[in-house]
Amino acid sequence: MKEYTGKIYNIEKLTHDTTKVVIESALDSAHSGQFISVLCENRTLRRPFSISDFEKIENNKSLLTILVKIKGKGTEFLSNLKINDEISILAPLGNGFSIKEEASLLVGAGIGIAPMLFLKKELNKQNINNYLIAGFRDDKEIIKGYDEVTIGGSVVDRLEDLIKEKNIKIVYACGPEIVLKLIGKLCKKLNIKSQLAMEKVMACGIGVCRGCVIKIKKNETISTASICKDGPVFSGNEIIWEENE
Amino acid sequence: MNKLKTVIKNNKRELILKSPLIGASGTYGYTDEFEDFIDLNCLGAISTKGITLEARSGNEGDRIFETECGLINRIGLENVGIKKFISDKLPILKQKNIDFLLNIAGSSIEDYERLADIAQQNSIKAIEVNVSCPNVKSGCIEFGLNPDSLFNLTSKIRKNYKGFLIVKLSPNTSDITSLANAVESAGADCISAINTLRGLGVDIKRIGNKFIKKTVQGGLSGKCVKPVALYMVNAIKKSVNIPVIAMGGISSLGDLLEFLAVGADAFQIGTANFINPKICTTLAMELKKYIEENNFQDFEDLKTKIKGA
């Protein structure tokens, strides 16, 4: 983990509110499920983004991709960057997915597809059988790269059938907490593994402020874990979900 | 010669640091968490995460809320507890030669007395007392908001701890000078100020035909609190003779000079670490350059001269 100056290598609108930003930097390695935090003009906090692609182009030079969906002033700033603009990034942050050599189902709900595209690429490289299902609220939100898509309705409704049809042994997912909670519970019920990429408002991004914690249970012991440093990927069986959601 | 050498002293004790820049409690972890970004040996010190007698898991629910030019947090003193700090963290601080202030917090006077005692037994050079904690025994009113209870608390800690005792004052008061006088007369060596201001973040959205409200109540920090901190440090310095470590929205060389001009002896950097994890060393370099370019002997010389402004 380091601070890098990233140069905008390419920026491309994917939907009405989502932009693909490709950043050139000296970042040496990155793995799906890891994220970066980006300093945005006139904002107190850096903004975290899942890494959606990573490629080394030469010694000391790499390209990393994030998908930026406009939610407020920080993401608006990033969406309006121009090629060659410079930004400060902290990278790579957190622990990524722990890849298993088993039939894998990848679930990306909304902008949660971002790390799934990178994971799919990594699984393909290792010839691991995988299937990516994405869910979007409507046609306008669609981001390509999936094997199957659900528009409107819940992507979760399709999962039980898919898991059985494709003899899935592990589910990787990213999306709103409510979706991850349902996926975690479904996988528990079907007795298959799940790895879920979680998100919360973060302050430091490196584990010191304890601002983005969740409760987890490991070996019968309940403790807090920071999403930024201990996560963002957690086993669905470990997470203790907050009720009233 | 180290031009940033910082002497924080009163007529009884002194604390000598390599630089006047200290990472503020809660923003710097326990030990070497910032090692990936900066050389910790160039730092004046870190103030550790607030340590309580027993480990605490902190608050449930959302803990962070970004405001227009600041940050509200309600972490709830999540920490490993003093026992684990001594067994797991202290050896790292010692081995890596990182100067630190042990930040302590309690929910009763006995908690603080015990923590002070443990600090004494472990020869910890300096402690910073967080008095913005609710006193559970007297109806959860903060220790730090009443001069009498603050005097009592500080005296009890002083009795058990012979090292450099810093009391971190809360700004959530209408009378900061009485609080400052209370800790000075109870034998504190130094004041640090300010802790966070009470604040409320509100997020209100209309979804369909319903309003959805989310609130986060906690401590406000960041650039927006700087004028309050300047006011408080100025008022404290006018009423006590002990040194003051200033904090509250510091993020530039200009901010350092402003705080020096109202009497600060050293600085803590908090929220700005989240924006730029190298800020403490960046500011140290800028300060050194300023000292050299303006022909001051060293930081202490600058401090003396700017106070006369």
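What follows is a set of questions and answers on this predicted model.

Biologist: How is chain A divided into domains?
Modeller: The assignment for chain A gives three stretches. They are domain 1 (2–93), domain 2 (98–197) and domain 3 (200–245).

Biologist: How far apart are the C-alpha centres of domain 1 and domain 2 of chain A?
Modeller: These two domains of chain A are in contact: 16 residues of domain 1 meet 14 residues of domain 2. Their C-alpha centres are separated by 23 Å.

Biologist: How much space lies in the largest cavity?
Modeller: The structure holds 1 cavity of 30 Å³ or more. The space in the largest cavity is about 50 Å³.

Biologist: Which strands of chain A each supply at least two residues of its lining?
Modeller: The lining of the largest cavity includes Phe35(A), Ser37(A), Arg47(A) and Pro48(A). In chain A, β3 spans 35–38 and β4 spans 47–50. Phe35(A) and Ser37(A) fall in the β3 range, and Arg47(A) and Pro48(A) in the β4 range. The strands that each supply at least two lining residues are β3 and β4 of chain A.

Biologist: Between which domains does the largest cavity lie?
Modeller: Among the lining residues are Arg46(A) and Met202(A). Domain 1 (2–93) and domain 3 (200–245) of chain A both give residues to the lining, so the cavity lies between domain 1 and domain 3.

Biologist: Now chain B. Against which elements do the buried residues of α9(B) pack?
Modeller: Helix α9 of chain B covers residues 299–307. Its buried residues are Phe299(B), Asp301(B), Leu302(B), Lys303(B) and Ile306(B). An α-helix has 3.6 residues a turn, so residues three or four places apart point the same way. The buried residues of α9(B) pack against β1 (6–9), α6 (253–261), β16 (266–269) and α8 (279–293) of chain B.

Biologist: Which residue caps the N-terminal end of α9(B)?
Modeller: Look at the backbone nitrogen of Glu300(B). A side-chain oxygen lies 3.3 Å from that nitrogen. The oxygen belongs to the capping residue, Asp298(B).

Biologist: Is Asp99(B) buried or exposed?
Modeller: Asp99(B) sits in the loop between α1 (82–95) and β7 (100–104) of chain B. Beyond its sequence neighbours within four places, Asp99(B) is in contact with Lys18(B), Gly44(B), Ala45(B), Ile46(B) and Lys125(B). Its relative accessible area is 19%, so Asp99(B) is buried.

Biologist: Which backbone nitrogen does the side chain of Thr271(B) reach?
Modeller: Thr271(B) lies in the loop between β16 and α7 (272–275) of chain B. Thr271(B) is buried, at a relative accessible area of 10%. Leaving out residues up to four places away in sequence, Thr271(B) touches Thr44(A), Thr27(B), Leu71(B), Ser221(B) and Gly222(B). At 3.5 Å, its side chain reaches the backbone nitrogen of Gly222(B).

Biologist: How far apart in space are Leu220(B) and Glu66(B), C-alpha to C-alpha?
Modeller: Leu220(B) belongs to strand β14 (residues 210–221) of chain B. Leu220(B) is buried, with 18% relative accessible area. Among the residues it touches are Thr67(B), Leu71(B) and Ile72(B). Leu220(B) and Glu66(B) are 154 residues apart in sequence, and the C-alpha separation is 9.3 Å.

Conventions:
Residues are numbered from 1 along each chain as its sequence is written. Chains are lettered from A and ligands numbered from 1 in the order in which they are written. This is a predicted model: local features need pLDDT of at least 70, side-chain atom pairs count only at pLDDT 80 or more; totals for chains, interfaces and linings use all residues. Side-chain values use heavy atoms; hydrogens and water are left out. On a 1 Å grid over the protein atoms alone, a cavity is a set of points where a 1.4 Å probe fits but cannot get out, and a pocket is an open set with protein on both sides within 12 Å along at least five of seven lines; lining residues have an atom within 4 Å of a point. Grid points are joined across faces, edges and corners, and a volume is the space filled by probe spheres set on the points. Helices (H or I, at least four residues) and strands (E, at least two) are DSSP runs, numbered from the N terminus. Domain bounds come from an automatic or database domain assignment. Buried means under 20% relative accessible area, exposed over 50%, partly exposed in between (1.4 Å probe, protein chains only). Contact means heavy atoms within 4.5 Å. A polar contact is a pair of N or O atoms within 3.5 Å; within protein, one must be able to donate a hydrogen and the other to accept it, and residues adjacent in sequence count only if both atoms are side-chain atoms.
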